Structure formats: C-alpha cells, structure tokens
Amino acid sequence: MADATNAAMPVPDTAKKKHRSAEFNALIGLVGIALIFEILGWIFQGQSFLGNLQRLQIMILQVSVIGIIAVGVTQVIITGGIDLSSGSVTAAAAMIAMSFAQVGTYERAVFIDQGWVDLPVIIPLIVGLAVGAFAGLINGALIAYTKIPPFIATLGMMVAARGIAKWWTRGQPISFPTDAFAAIGQGMMPVLILLCIIALFVFLLRFTVYGVHTYAIGSNMDAARMSGINVERHLILVYTIAGLLTGLAGMIIAARGLTAQAGMGLMYELDAIAMAVIGGVSLSGGRGSVVGTFIGMLIFGVILSGFTFLRLDAYYQEMIKGVIIVAAVVADVWRQKRRALAA
Amino acid sequence: MASDKIILKTEGLTKHYGGVHALEDANFELKDGEHVAVVGDNGAGKSTFVRQITGVEQRTRGKIWFDGQEVQFDGPLEAREAGIETVFQNLALADDLDVPSNLFLGREKIRFNLGPFSILDKRAMREETEAGLKRTGVKIPDLDNSIRHMSGGQRQCVAIARSATFVSKLIILDEPTAALGVQETAQVEEIIKGLKARGVPMIIVSHNLRQVFDLVDRIIVFRRGRIAATLNAKEVDGNEVVAYITGVKGAEGEKRAAYA
Ligand SMILES: Nc1ncnc2c1ncn2[C@@H]1O[C@H](COP(=O)(O)OP(=O)(O)OP(=O)(O)O)[C@@H](O)[C@H]1O
Ligand SMILES: [Mg+2]
C-alpha cells in the first residue's frame with residue numbers, strides 16, 4: 001500500500017527511487033511480454049497480437065474467474081497466509097449451488113422430492129456464496145485458533161471440499177440451470193463482476209479499517225496484537241471473504257459452462273496465488289495490492305492467449321507459466337533481501 | 001514535581017513461565033508525576049514486570065492498583081484505555097504501514113462507521129499525527145513512507161511519539177534506546193525529556209546508567225526476578241547501582257537502601 005503511494009508521488013530523492021513498487025515492476029513485465037508477442041505475431045503470423053479487440057476480450061474473459069479468486073487470495077497472502085483450498089471450494093460451491101439452480105422441467109440431480117419447479121435465482125446464489133464463505137470460515141477459524149499453519153489448514157480444506165463436491169451427487173455432473181442463473185456466466189458478465197470486485201477491494205484495502213488491519217497483521221502480527229487488534233477475528237473475516245469470492249467464482253464457471261462437475265476448478269488455487277505473486281504480492285505478508293494482482297492477471301491472460309495466437313502447444317504454456325511463477329517468487333525474495341540490507 | 005498521589009502500585013506481583021520464576025513478589029509504587037528507572041541484568045524480569053502491568057500477559061498472582069483502583073487488564077487495549085501507554089521492547093510497529101497508520105493502529109479515526117469495514121478518516125489521522133510529532137519533537141521527513149524505509153532512530157521516535165500522543169496517565173518505555181547509535185540515543189532522550197516536562201509519570205527500563213541518572217528520580221534494581229533495591233537517583237552513584245545489579249550488594253542491602 002505504502003509502496004503504491006510512493007510510486008504515485010514524484011519524489012526526487014534518489015534513495016527513494018530504489019524502492020520502486022512491485023506493481024510498477026509487474027506493469028513493465030506486462031508491457032514487455034505483450035510487446036514480445038506483438039513482434040512474434042508479425043514475424044510468425046503476419047498480424048498484430050494486440051490490435052484485435054476480440055482477442056483482448058477473450059483474454060480477459062479467460063482469466064476473470066480465477067481473477068475473482070485471486071482478489072480474495074491476495075488479501076489472505078497480505079495477512080501472511082495462503083489458501084490452497086480455492087480450487088476445491090470452487091467445485092463444492094458450484095455443485096451445491098447448481099443443484100438449486102436447475103430448471104424445473106428437468107429431473108433434479110438432488111432434492112428430487114422437492115417437486116420440479118424453478119427456484120428464484122437468488123436461492124442458488126445465496127447457497128453458493130454461503131458454501132464458499134463457510135469453507136473460508138472453517139479455514140480462518142482453524143488458522144486463528146489452533147495456530148496450525150495456513151498451508152496445512154487450507155490443504156485439509158482442499159481435500160475435504162473436493163470430497164464434498166463428489167459426494168453431493170455421487171460424482172454425477174449437474175446441468176441445465178435456469179436462464180437467470182446462467183446469465184451470471186454469459187458474455188462479458190464475468191469480466192464485469194471481476195472489475196466491480198477489484199474496485200471494491202482496492203477501496204477496502206486502502207481506505208478502511210479492514211485494510212489497515214490486514215496489512216498490519218501481515219507486517220507484524222505481534223504489533224497488531226499489542227495495538228489491540230483482534231487478530232483472530234480479523235483472520236477469520238479475511239479467510240471467510242476469500243471463501244465467499246471463491247464461491248462466487250464457482251457459480252460463474254458453472255453458469256458459463258451450463259454445468260457443474262466435481263472435478264472442476266482443479267489447480268485454480270495455484271493460478272490464483274501465482275497471479276498475486278506475479279503482481280508483486282509478497283508471500284511473506286504485509287506487501288502487495290489488488291492493483292498488482294490485477295496486473296498479474298493480465299500477464300497470465302497475455303501469456304495464455306499469446307500462446308494460442310502463436311499456435312503453440314498447451315504443454316509449453318504450462319512450462320512457461322511455471323517458470324514465470326518461480327521467477328516472480330525469486331524476485332520477491334530478492335526484493336526482501338535488498339530491503340533487509342538497506343534497513 | 002511528584003505529588004503524594006500514588007498512580008501505580010503492585011503488591012506481590014509474580015509471574016512464572018512454567019518452571020521459570022521470571023518475576024517474584026514485586027512490591028512497587030509510583031507517585032503521580034514521578035519518573036522511575038527499572039534496571040537489571042538480561043533476563044532479570046524487567047520486561048516481564050512491564051508485561052504484567054500492561055495486560056499483555058496475565059500474572060500468576062499479586063495485585064495491581066492503577067489510579068486509585070484495583071485493576072485486572074485483559075489485554076494491552078484495556079490498559080491503554082485506562083491511560084497507560086507503552087513502548088514495548090520489540091517495537092510494536094507494523095513495518096509496511098506509514099507513520100499515521102502506525103500511530104493510530106488499533107484506534108483508527110473513522111469517517112463512516114461500518115463495523116470492521118469502517119471508512120478511515122485519513123486526513124484527520126494525518127493532521128493529528130503531524131501535531132503529535134511536533135509536540136513530541138519528532139521530525140520525520142516523509143509521513144507517507146512506510147516504517148520499513150526508516151532508520152532505527154526514526155522508528156523508535158515514531159514508537160515513542162505514538163505513546164506520547166495518546167498518553168494520559170502513565171508512560172512505560174522498555175529499553176527505548178537499546179538498539180540505537182549515539183546520536184539517535186541523544187535524539188530519543190530529548191524526546192523523553194520533553195515528556196518529563198509535561199509531567200507525565202514514567203517508567204523507563206534501561207541498561208544505560210548514564211541515561212538513567214540523567215532522566216529519573218528513582219531507580220529500581222531487578223535481580224533474578226526480584227526487586228533487589230530501590231534507590232534514590234540523587235543519593236547513589238553508578239558503582240553502587242552496578243553492585244546491586246550484579247548481586248555484590250543485595251539481600252541485606254535491600255533494607256538499608258529502601259526508598260527513603
Ligand atoms: N514467554 C516466556 N516463556 C518462558 N520464559 C520466559 C518468557 N518470557 C520471559 N521468559 C524468561 O523470563 C526471564 C525474564 O525475562 P525478561 O524478558 O523479563 O527479562 P529482561 O529483564 O527484560 O531482560 P532484557 O534486559 O534482556 O530485556 C528470562 O529468564 C526469560 O528467559
Ligand atoms: Mg526486556
């Protein structure tokens with residue numbers, strides 16, 4: 001947060017120039033990668049990569065669902081935590097919500113006895129959000145009160161939530177949602193939702209007590225506690241909100257594909273964490289921003305659609321993604337070392 | 001300057017960490033407006049004493065009176081609300097926040113109350129921070145910079161200014177200059193003198209005897225979790241204090257040197 005303000009201010013002092021914000025570095029990375037694809041595009045495809053509105057739309061649509069998860073994960077990482085359960089919770093929330101969103105003329109996968117009527121769309125929406133929030137609440141409570149590392153607590157949730165997703169229909173996919181439910185995944189709707197969420201969380205983290213306490217806990221948990229912050233309650237809130245956003249993401253994917261399956265959302269947690277880290281959110285907590293994560297998302301999107309554009313194999317995509325994630329973490333570690341030396 | 005009103009009193013204050021008797025049967029009194037130093041070897045129990053008074057930990061036994069009432073603080077927040085401000089030994093600052101956010105950490109000024117999502121009144125916090133720093137005599141060039149980018153002296157100044165800005169009845173400083181260089185120490189001491197001039201009662205934990213003689217009226221010596229001596233700063237010299245710290249003087253000396 002402070003880094004972002006520094007970057008925004010014209011500070012002539014050379015000592016301060018060294019503290020160039022991680023977001024700014026990520027932005028340079030984004031521009032650089034986009035330009036590389038632009039050049040390769042002209043060389044190998046004889047056309048522009050960026051000068052294609054449809055491609056840009058698909059690019060951001062591709063990352064928008066995981067992007068929503070990444071916003072929640074960003075605040076978790078800022079507290080010094082991690083959430084490995086996002087992918088599985090996506091599936092559990094999608095499955096359970098979808099079972100309430102099926103059209104009445106189709107045989108229900110679950111709740112067969114409830115009669116075949118369309119439920120108002122608000123019901124599956126609330127159910128999906130509640131499933132996500134509940135999973136997050138359990139993550140947060142485990143981390144805050146048992147003091148087990150977030151890595152372990154959310155790993156447990158990752159396995160358990162996947163189990164719930166499968167158990168819900170004994171492995172059967174659920175299809176045929178009502179039009180109203182399907183609408184949240186159609187067209188550019190996911191992008192619109194993502195942008196609203198980004199705006200909301202930029203505001204929350206910068207201008208509210210919630211934000212200051214989130215950064216304070218990630219910066220120095222003892223200091224936060226000594227200052228009278230209820231660290232346990234705040235952590236639970238942060239993880240619950242992350243879960244809520246994950247639940248929302250799950251419903252959007254189900255709505256977009258008109259079906260929910262127990263196996264969906266696989267490895268989304270890693271992509272979400274990667275987006276945050278690439279965007280300059282420090283895995284050691286206290287530093288980073290939702291704006292950074294947004295840039296991280298765009299880098300992801302550019303790489304995904306860039307490879308498709310160049311007609312390169314999906315295998316290469318994953319390899320390059322892995323390299324970029326490691327590079328981002330290494331950059332974070334180096335930044336910290338430099339800071340430690342400078343202090 | 002000290003009046004006869006007793007602001008803080010402990011009776012039989014004791015803290016055991018399992019088998020470690022970190023603090024044993026401490027009887028202590030501080031008068032309003034009085035400035036007292038707590039000295040002692042590493043591990044003598046000085047910080048433990050501070051932590052029991054400020055509610056950071058719960059005592060094993062003993063009683064504490066503050067401002068005329070027997071108190072039992074459940075946490076540092078309650079002690080703070082009662083009027084005790086503390087600069088803890090391990091700087092209770094959040095490195096990634098700027099100066100106003102650190103000053104107001106846990107007691108943020110709010111423009112619009114939405115529970116945990118209350119909207120901050122950044123301008124008011126900034127203005128009060130500027131006023132507080134000015135009153136305390138702390139100069140920080142750039143308030144919007146995160147604490148991480150500041151020198152040790154500046155950080156300690158922020159920590160003290162934070163307590164000084166809010167203090168009403170008692171300020172406790174646990175080794176405020178321990179990690180600082182000569183110049184930074186002098187700077188922090190100036191700030192402490194300013195606080196003294198305001199007449200705020202003060203407990204200062206320190207290993208620096210020159211500083212102790214410079215700043216306080218009375219010296220409490222801790223040794224192995226017990227109060228080994230209570231000395232009048234004007235009546236003793238450094239050698240004598242050292243003798244109590246190291247235990248050369250002790251037990252029998254305790255009665256002789258009891259607070260006159
Ligand atoms: N949480 C704890 N658990 C167990 N033992 C502790 C704990 N905190 C302190 N101690 C022990 O209690 C004793 C007193 O510690 P304390 O921190 O009060 O010393 P101190 O006088 O402040 O020393 P220093 O000058 O090094 O700050 C030490 O032996 C220490 O190891
Ligand atoms: Mg100590």
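User: How many bridges join β1(B) to β4(B)?
Analyst: This is a predicted model. In it, β1(B) and β4(B) run antiparallel. One facing pair across these strands is B:Leu8 and B:Phe66, the latter in β4(B). The number of bridges joining the two strands is five.

User: Which residue in β5(B) is the bridge partner of B:Phe66?
Analyst: β4(B) covers residues 61-66 and runs antiparallel to β5(B), with two bridges between them. B:Trp65 stands opposite B:Glu70 in β5(B). For B:Phe66, the bridge partner in β5(B) is B:Gln69.

User: Which residue takes a positive phi in the hairpin of β4(B) and β5(B)?
Analyst: Two residues sit between the strands of this hairpin. The positive phi there is near 55°. The residue that takes it is B:Asp67.

User: Which are the edge strands of the open sheet in chain B?
Analyst: The sheet has four strands with antiparallel pairing, in the order β2-β1-β4-β5. An edge strand here pairs on one side only. In chain B that holds for β2 (20-31) and β5 (69-70).

User: At about what angle does α1 run to β2(B)?
Analyst: Helix α1 of chain B spans residues 46-53.

User: Which element gives the most to the shell around ligand 1?
Analyst: The shell includes B:Tyr17, B:Val20, B:Lys46, B:Ser47, B:Thr48 and B:Gln89. Elements giving two or more residues are β2 and α1 of chain B. With three residues, the top contributor is α1(B).

User: How many residues of the shell around ligand 1 are polar?
Analyst: B:Gly40, B:Asn42, B:Gly43 and B:Gly45 are among the residues surrounding the ligand. Four shell residues are nonpolar and one is charged; the polar ones number seven.

User: How many residues does the contact take from each chain?
Analyst: The contact draws on both chain A and chain B. Chain A gives 26 residues, and chain B gives 29.

User: Which element gives the most to the side of chain B that touches chain A?
Analyst: That side divides into 14 nonpolar, eight polar and seven charged residues. The elements giving two or more residues are α2 (76-82) and β8 (119-120) of chain B. The one that gives the most, with three residues, is α2(B).

Methods: Residues numbered from 1 in each chain as written. Chains lettered and ligands numbered in written order. Predicted model: local features only at pLDDT ≥ 70, side-chain atom pairs only at ≥ 80, totals over all residues. Pairing = 2+ DSSP bridges. Contact = placed C-beta atoms within 7 Å. Axes fitted to C-alpha atoms, helices over the stretch in contact; angles between N-to-C directions. Near = placed C-beta within 6 Å. Nonpolar A, V, L, I, M, F, W, Y, C, P; charged D, E, K, R; others polar.
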